[in-house]
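Here are my notes for someone opening this one for the first time. Have a look at the picture, then go through the points in order.

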Amino acid sequence: MEPMQLKDFVRTLDPASLPRVLRVCSGVYFQSSIYEISGNECCLSTGDLIKVTQICLQKVICESLRMGETMELTPNFKGHFSPLTCSQSYGNLEELIAATKQSSKPLPVFFISSYSISIKNNVVPEDQPLLLEAVEIHLGTCCARCVLSTGAKQVTLHLPLSQKGLFWIWEPGVPRTLLQAVQEPALRDLPVTCPTLPWSSLILKPQYEIQAIMQMRRTIVKIPSTLEVDVEDVTASSQHIHFIQPLLLSEVLARQGPFPVPMEILEVPDGPRIFLSPWVDSLQQGQRLWIYGEASPRWRVLASSKGRKVPRHFMISGAYQGKLRRRPREFPTAYDLLSAFQPGQPLQVVAMRDYDGEEEENPEFTSLAVGDRLEVVGSSQACGTQGRDTDVLVCQRLSDQAEEEECEEDQGRILLPVYFPGSFVEEMNDGRRYILEDLIAQFSLPCEVKVVAKDTSHPDDPLTSFLGLRLEEKITEPFLVVSLDSEPGMCFEIPPRWLDLTVVEAEGQPSQPAGPPPIATVEEMTEAFYYKLRKLSACDDQPPPPRPPKRQGTTGQNRPNSREGTIESSQVLGLEQQPLLPEPKTKTLPEFSKDSSNVYSRFPAHKGHMRTKPNMWDPVKEDHDYEEIHEHLRKSI
């Protein structure tokens, strides 16, 4: 095949013959663009091979033969086109009749005029078909007898052969849509007419988008047919050529097989390291891999070690078969207790610090001693001395004797403000050994465990060396099971979302492994990647946490005692304070018991039983009122 322009090749291309392989004979380059413009390829080098897989009609340029103007039509244009049998136009009727006789076409014939014709009391509009029946003498002048059809009425006109204009021979046929007109080979480069358009005769110039495959291009290349490049069809002589198309691991995962498949790494994405495992160093350009498909199950658990100054972070697969034993959880504040409490699941703790209750704020804020046993009942609100609502944690004090507990149940109820900076340890008696799947199904996260037996399929299980692990949260993400061709015994799981390698199917026929070797079910993560995962899961699955409550002081705060100041302060507090949990408040005091649900209630302050303390000046709690400090010093002197 001789080289030809790309636009001419596309117009003569039969879509049923695709795919076709083309060689670029004359390259092209658009200045100020390296690869593409508006998503289309604009730079092709001489000698490049292009495998055309599909062509799509983008638009059609209509060019008027008489005016030279152009117009763009979309592929869904609703007008119909009729062809002109001859691309030759004639300046008068005598030339048209002479051409008809030379072509051996018998009369009558249809013709149209690009201009309107006025004769006697009749006007022939432009592009109106006229039937030329015969040539005769009319009123002493040689005329063409023509018939003008206007609906059901026919008018006979005698036009002199010297009538000047722009005439075209027209053969009536089945009107064609725009797609039919541009796809029909017989109408290529021939003038057509369309009653919807303002021009009598026009040429259709379709513009296509070519979708092709090129060597070492990961995505489908889109080439406009208007690109000024010469191409040659070399399909017959290029059957042995294999077009290498790179893939991302995410695309390999989306293809869903067939697996296993040999791959070669072309590019490793830039960025910080995410895993600390030794196989990460082997992921380099040129390394061959075997991909066995998607890992099962999809879920993973993020965990952190305990008992060391610098914690280590791990991603544990759902297939982990090590034995775990629960450890008591630690809660540094009452707010942490409230966050961990779930209605219907008993939560008993032991106080690890002494606490002097702020009885001047509310007599229900009782004291705690080291070793006090508590059971969390729920959350509520209590009234302070200044009329404020304080979020509190409602607990039940436990006794070693069940009889004494039943008798003094009402006296054992205590309230802890959520800002209470105490320290608690969960009281539990669970010596069972769990696998990870059962533990996640029965208990909520976070959860503290101790690995008492390692995973037998993972000889280098690092989790058994820690005093404890904190299982933080569960994530669900697809992973690919991969092994190195050079080390078949090293099998691991890669998350394409965060480690999307660029690979290509390996050439040759490497020996296929019998099956995937044992998979490392525990991967150590970098600290940066661990907190990135925690941040992503918090943003995707959870609402933002509430603002931590602030400790509300009871002394050293000067507020106006006027009625207006009290109303304004209460209004502001009403707008700023929000409950920690979504349950509605209740104005009545519920009857708390061990099975009480997490509901809000209001505990009124008993001002008559409040203990009084001397009103001493405290420079730490003072709001830096320098006049009062100066006054205090002056009185002291």
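**Notes on a sheet and some salt bridges**

1. Start with the open sheet of six strands, ordered β8-β15-β9-β12-β13-β14 and paired antiparallel. At its edges sit β8 (90-92) and β14 (153-160), each pairing on one side only. Neighbouring strands here are turned by 45° against each other on average, ignoring direction. Strands (E, at least two residues) and helices (H or I, at least four) are DSSP runs numbered from the N terminus, and two strands pair if DSSP finds at least two bridges between them.

2. Before going on, keep in mind that this is a predicted model: local features need pLDDT of at least 70, side-chain atom pairs count only at pLDDT 80 or more, and totals for chains, interfaces and linings use all residues. Residues are numbered from 1 along each chain as its sequence is written, and side-chain values use heavy atoms, leaving out hydrogens and water.

3. Strand β13 (residues 141-150) pairs with β14 in the antiparallel sense over eight bridges. For Leu 148, the bridge partner in β14 is Val 155.

4. What lies across the sheet strands? Helix α2 (residues 93-102) does, lying across β8, β9 (109-113), β12 (130-138), β13, β14 and β15 (164-170). The helix runs at about 125° to β8; axes are lines fitted to C-alpha atoms, for helices over the stretch in contact (heavy atoms within 4.5 Å), and angles run from 0 to 180 degrees between N-to-C directions.

5. On to charges: the whole structure has 25 salt bridges, meaning a side-chain nitrogen of Lys or Arg within 4 Å of a carboxyl oxygen of Asp or Glu. One of them joins Lys 306 and Glu 448 at 3.8 Å, N to O. Lys 306 is in strand β23 (residues 299-306) and Glu 448 in strand β32 (residues 447-453), 142 residues apart.

6. Buried or partly exposed? Glu 448 is buried at 2% relative accessible area, while Lys 306 is partly exposed at 26%. Buried means under 20%, exposed over 50%, partly exposed in between (1.4 Å probe, protein chains only). Both residues belong to a salt-bridge network that also includes Arg 327, Arg 470, Glu 472, Glu 473 and Arg 534.

7. Arg 326 lies in strand β25 (residues 323-326) and Glu 426 in strand β31 (residues 424-426), so the pair ties together parts 100 residues apart in sequence. Arg 326 and Glu 426 are both buried.
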